[in-house]
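Let's take a walk through this fold, starting with the whole chain and ending at one strand. Have a look at the model first.

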Amino acid sequence: MTQKTAFITGTTAGIGAAAARRFTSEGWRVIGTGRRRERLDALAGELGEAFHPLELDVRDLKAMEAAVDALPEGFRDIDLLLNNAGLAPPLATVQESELPASLQAIDTNITALVALTRKLLPGLIARKGAVINLSSVAATYPYRGGAVYGGTKAFVRQFSLDLRADLHGTGVRVTSIEPGMIETEFTLVRNGGDQAASDALYAGIDAMTAEDTAEVLHWVATLPSHVNVNALELMPVNQSFAGFAVARPS
Ligand code: NDP
Ligand code: 8X3
């Protein structure tokens, strides 16, 4: 079997790091991005020659395109784009939210994802590759304080489905992965580095792990090439649904 190559954004933590480990352990080459150089170096030390680190803020579209154009021999033929880098602004109603945090999430979760996908599509079409996008249950189930995050993930879900239509007949597969609670640095970032708040959210619920998610991502990527998973929703058993909120103004 010829060695395949995955381009994974956000490999310095959480799902992306676990996916980089999982795909390289299965014989793939992985290009992994992130802003934190020391974490990329540590991962490169761990994974060896199969891993090509790219220190990159995905919101810097020019730098991202230049980095793709400068990929070394052996990492140019990309079979899988895993759009994983992303974050949530702090939980806040829109009326109480800070605009810069919202814009950061929109730029990262939407703009960068669209730009990188567009950049890599010619090669993915030529190789009949695949695109897997990290959406979220927040794309489908609204919750108070999550409008911008949920909005970005609804975009990712719909973009994935429409991209399938654009790629009709090319053999390129596209999947929207829509998980619930996975214990990563996601909540730490959302809460501005408050480890206690993150620990409290995940305490006692047996949340999904980054490795659980990497298992699903690898499964989707290695299904027979005539099978397309359009969208896949996942939750830990201990997370489900709440009812509608009803106000009774007096
Ligand atoms: P983590 O915070 O653990 O990891 C996020 C990764 O994204 C890091 O590697 C970070 O790298 C990278 N990243 C963030 N912003 C940028 C940027 N501007 N440029 C480059 N890289 C960036 O979170 P998760 O692993 O949990 O999240 C991964 C994806 O999964 C996200 O899209 C998230 O929305 C989604 N998701 C997460 C869920 C969860 O419960 N954890 C549930 C559903 C979806 P660095 O900071 O080094 O740049
Ligand atoms: C985040 C999923 O369930 O933590 O994408 O809001 S959840």
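Accessible areas here come from the Shrake-Rupley method with a 1.4 Å probe. On that basis, the protein chain in this predicted model exposes about 12800 Å², with carbon and sulfur atoms supplying 54% of it. As for what is tucked away, 47% of the 250 residues count as buried, meaning under 20% relative accessible area.

Now for the overall build. Eight helices and seven strands make up the secondary structure of the protein chain. Its radius of gyration is 18 Å, close to the 18 Å that the globule rule gives for 250 residues, so the chain is as compact as a globular protein of that length. Along the principal axes, the C-alpha atoms fill a box of roughly 65 × 40 × 35 Å. If you take the contacts between residues at least 6 apart in sequence, 70% of them join residues at least 24 apart. The charges are 22 positive and 28 negative, and their mean positions sit 5 Å apart.

Let's zoom in on strand S4, residues 80-83. S4 runs parallel to strand S1 (residues 5-8), and three bridges join the two. It also runs parallel to strand S5 (residues 130-134), this time with four bridges.

What about the side chains? In a regular strand they alternate between the two faces of the sheet. In S4, Leu80 and Leu82 point one way, Leu81 and Asn83 point the other way, and all are buried.

Key
Residues numbered from 1 in each chain as written. Chains lettered and ligands numbered in written order. Predicted model: local features only at pLDDT ≥ 70, side-chain atom pairs only at ≥ 80, totals over all residues. Heavy atoms only, no water. Rg over C-alpha atoms; globule rule 2.2 N^0.38 Å. Buried < 20%, exposed > 50% of the residue type's maximum accessible area, 1.4 Å probe, protein only. Contact = heavy atoms within 4.5 Å. Lys, Arg positive; Asp, Glu negative; His and termini not counted. Charge placed at Lys NZ, Arg CZ, Asp CG, Glu CD. Pairing = 2+ DSSP bridges.
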